[in-house]
Amino acid sequence: MATSIKESEITWSDSIDIKFGFTGLGEGLALPILRGMIRKQWPKKRRPTQCVYVIRLKGEVSVGYPAKHSPVIYIGEGDAYSRLYNHAKWLVQLVLSMPQVGIEIRVAEVKRKNHTELYRHIEADLISWFAEDHGSLPWFNLQRERSLEDMYTYEPEAESTLRRSLGVG
């Protein structure tokens, strides 16, 4: 088993909060607006590529998963900015169909010297933890990355910080 993951190797940015609230727009008009909202709120620092991110519903709403409710609808990894730019295509459909719902995006950069793939293992563990706790994958995740799960242990603070991103609140 590899070295434990430390909290200092995971740096969370301020969350990106999107309250769309528009009605009567088609996807063609709504997509550039949503992408502009993501771009405007993106943290001022550079756009790191070794990230994990969690997309959550915001407001008085959550998803009724088999075991319990959660606002989490997607867990991803990689170049978060580019990935979210592409995710905007399905996010815009969601916010147009439920204009009262907001979206919160939490992004964490993962850095360990000489280990550029660590973020992929953390994403796999986040999805695994979510599936165990909630009885299914998040709404928009299609698969688990079982080959990358459980390859690391986590120092208590690191695991607590990561698990907080999966819970209510």
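## The loop between S7 and H3

Glu117 sits in the loop that runs between S7 and H3. This is a predicted model. Glu117 has a relative accessible area of 35%, so it is classed as partly exposed. Along the chain, Glu117 and Cys51 are 66 residues apart, and their C-alpha atoms are separated by 9.8 Å.

His115 belongs to the loop between strand S7 (102–110) and helix H3 (118–134). Its relative accessibility is 18%, and the limit for a buried residue is under 20%, so His115 counts as buried. A polar atom of the His115 side chain lies 3.2 Å from the backbone nitrogen of Leu118. Apart from neighbours within four places in sequence, His115 is in contact with Gln50, His121 and Tyr152. Asn114 is also placed in the loop between S7 and H3. With a relative accessible area of 74%, and exposed meaning over 50%, Asn114 is therefore exposed.

## Positive phi values

Two residues are listed here for their backbone angles. Asn114 has a phi near 60°, which is a positive value in a residue other than glycine. Asp150, also a residue other than glycine, has a positive phi near 55°. Asp150 is found in the loop between H3 and H4.

## Glu104 in strand S7

Glu104 lies in strand S7. The relative accessible area of Glu104 is 11%, so this residue is buried. The side chain of Glu104 is joined to the side chain of Ser15 by a polar contact of 3.4 Å.

Leaving out neighbours within four places in sequence, the residues in contact with Glu104 are Ser15, Ile16, Asp17, Val54, Ile55, Arg56 and Lys58.

## Glu123 in helix H3

Glu123 is located in helix H3. At 8% relative accessibility, Glu123 falls under the 20% limit and therefore counts as buried. With residues up to four places away in sequence not counted, Glu123 touches Val52, Ile75, Gly76, Glu77 and Glu145.

Gly76, one of the residues that Glu123 touches, is 47 residues from Glu123 in sequence. The C-alpha atoms of Glu123 and Gly76 are 6.4 Å apart in space.

## Packing of H1 and H2

Two packed helices are described by the angle between their axes and the distance between the axes. For helix H1 (residues 27–41) and helix H2 (residues 80–97), the packing angle is about 130° and the axes are 9 Å apart.

On the H1 side, the contact involves Glu27, Ala30, Leu31, Leu34, Arg35, Ile38 and Arg39. On the H2 side, they meet Tyr81, Leu84, Tyr85, Asn86, Ala88, Lys89, Leu91, Val92, Gln93 and Leu96. By class, the contact of H1 with H2 has 11 nonpolar, 2 polar and 4 charged residues.

## Leu34 in helix H1

Leu34 lies in helix H1 and is among the H1 residues that meet H2. Its relative accessible area is 1%, so Leu34 is buried.

Not counting residues up to four places away in sequence, Leu34 touches Ile18, Phe20, Ala88, Leu91 and Val92. Of these, Ala88, Leu91 and Val92 are included in the H2 side of the helix contact. Leu34 and Pro99 are 65 residues apart in sequence, with a C-alpha to C-alpha separation of 12 Å.

## Packing of H3 and H4

H3 and helix H4 (residues 156–164) pack at an angle of about 65°, and their axes are 11 Å apart. The crossing of H3 and H4 is right-handed. H3 contributes Ile122, Leu126, Trp129 and Asp133 to the contact, while H4 contributes Glu159, Leu162 and Arg163. Divided by class, the residues of the contact of H3 with H4 are 4 nonpolar, no polar and 3 charged.

Definitions and conventions: Residues are numbered from 1 along each chain as its sequence is written. This is a predicted model: local features need pLDDT of at least 70, side-chain atom pairs count only at pLDDT 80 or more; totals for chains, interfaces and linings use all residues. Side-chain values use heavy atoms; hydrogens and water are left out. Axes are lines fitted to C-alpha atoms, for helices over the stretch in contact, and angles run from 0 to 180 degrees between N-to-C directions. Helices (H or I, at least four residues) and strands (E, at least two) are DSSP runs, numbered from the N terminus. Contact means heavy atoms within 4.5 Å. Ala, Val, Leu, Ile, Met, Phe, Trp, Tyr, Cys and Pro count as nonpolar, Asp, Glu, Lys and Arg as charged, and the others, Gly among them, as polar. Buried means under 20% relative accessible area, exposed over 50%, partly exposed in between (1.4 Å probe, protein chains only). A polar contact is a pair of N or O atoms within 3.5 Å; within protein, one must be able to donate a hydrogen and the other to accept it, and residues adjacent in sequence count only if both atoms are side-chain atoms. A crossing is left-handed if the near helix is turned anticlockwise from the far one by less than a right angle, and right-handed if clockwise.
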